[in-house]
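Take a moment to look at the picture before reading on.

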Amino acid sequence: MKELDPLLHSQLRLAVMSILMNVEEADFVYLKEKTESTAGNLSVQLDKLSNAGYISVAKGFSGRKTRTVCRVTERGRKAFEEYVETLRTYINL
């Protein structure tokens with residue numbers, strides 16, 4: 001039986017990827033609110049997903065405030081879809 005991707009098996013990283021799979025992009029504040037995570041923890045998990053090539057992170061400004069925007073990459077989309085398929089085999093759907 002195929003193993004679940006350990007990078008996606010983390011609750012917060014899986015939540016972030018689930019959100020990003022359904023939107024074109026999401027900013028840091030939105031992800032923080034939806035996942036109910038702390039800024040520090042979310043930042044660490046976004047770095048892990050970004051370093052794996054699963055998401056792209058763009059930092060910029062909105063007026064005088066910094067704005068961090070995340071998007072799922074093609075590699076991330078494929079990894080997420082494979083994760084879901086593997087999970088289905090575990091639960092026999």
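Predicted model: local features only at pLDDT ≥ 70, side-chain atom pairs only at ≥ 80, totals over all residues.

Residues are numbered from 1 along each chain as its sequence is written, and side-chain values use heavy atoms, with hydrogens and water left out.

**The whole chain**
- You can find 4 helices and 3 strands in the chain; helices (H or I, at least four residues) and strands (E, at least two) are DSSP runs, numbered from the N terminus.
- Starting at the N terminus, the order of elements is α-β-α-α-β-β-α.
- The C-alpha trace spans about 50 × 25 × 20 Å along its principal axes.
- Of the chain's 93 residues, 35% count as buried, where buried means under 20% relative accessible area, exposed means over 50%, and partly exposed lies in between (1.4 Å probe, protein chains only).

**The nonpolar core**
- A nonpolar core is a set of buried Ala, Val, Leu, Ile, Met, Phe, Trp, Tyr and Cys residues joined through side-chain atoms within 4.5 Å.
- The largest one here has 23 residues, and those with the most contacts inside it include Val 16, Met 17, Leu 20 and Leu 31.
- Helix 1 (11-20), helix 2 (28-35), helix 3 (39-51), strand 3 (65-72) and helix 4 (74-91) each supply at least two residues of this core.
- Helix 1 gives the most, with 5 residues.
- Leaving aside residues up to four places away in sequence, Leu 31 touches Val 16, Ile 19, Leu 20, Ala 26, Leu 42, Leu 46 and Cys 70; contact means heavy atoms within 4.5 Å.

- Which residues of helix 2 are buried? They are Phe 28, Leu 31 and Thr 35.
- Seen down the axis of helix 2, these buried residues fall within an arc of 65°, so they line one face of the helix; the arc is that of the directions from the helix axis to the C-beta atoms.
- The buried residues of helix 2 pack against helix 1, strand 1, helix 3 and strand 3.
- On the face turned away from the buried side sit the exposed residues Glu 33 and Lys 34.
- After helix 2 comes Glu 36, with a positive phi near 55°.

**A loop residue**
- Glu 24 lies in the loop between helix 1 and strand 1 (26-27).
- Glu 24 is exposed, with a relative accessible area of 70%.
- Glu 24 and Arg 71 are 47 residues apart in sequence and 6.5 Å apart in space, C-alpha to C-alpha.
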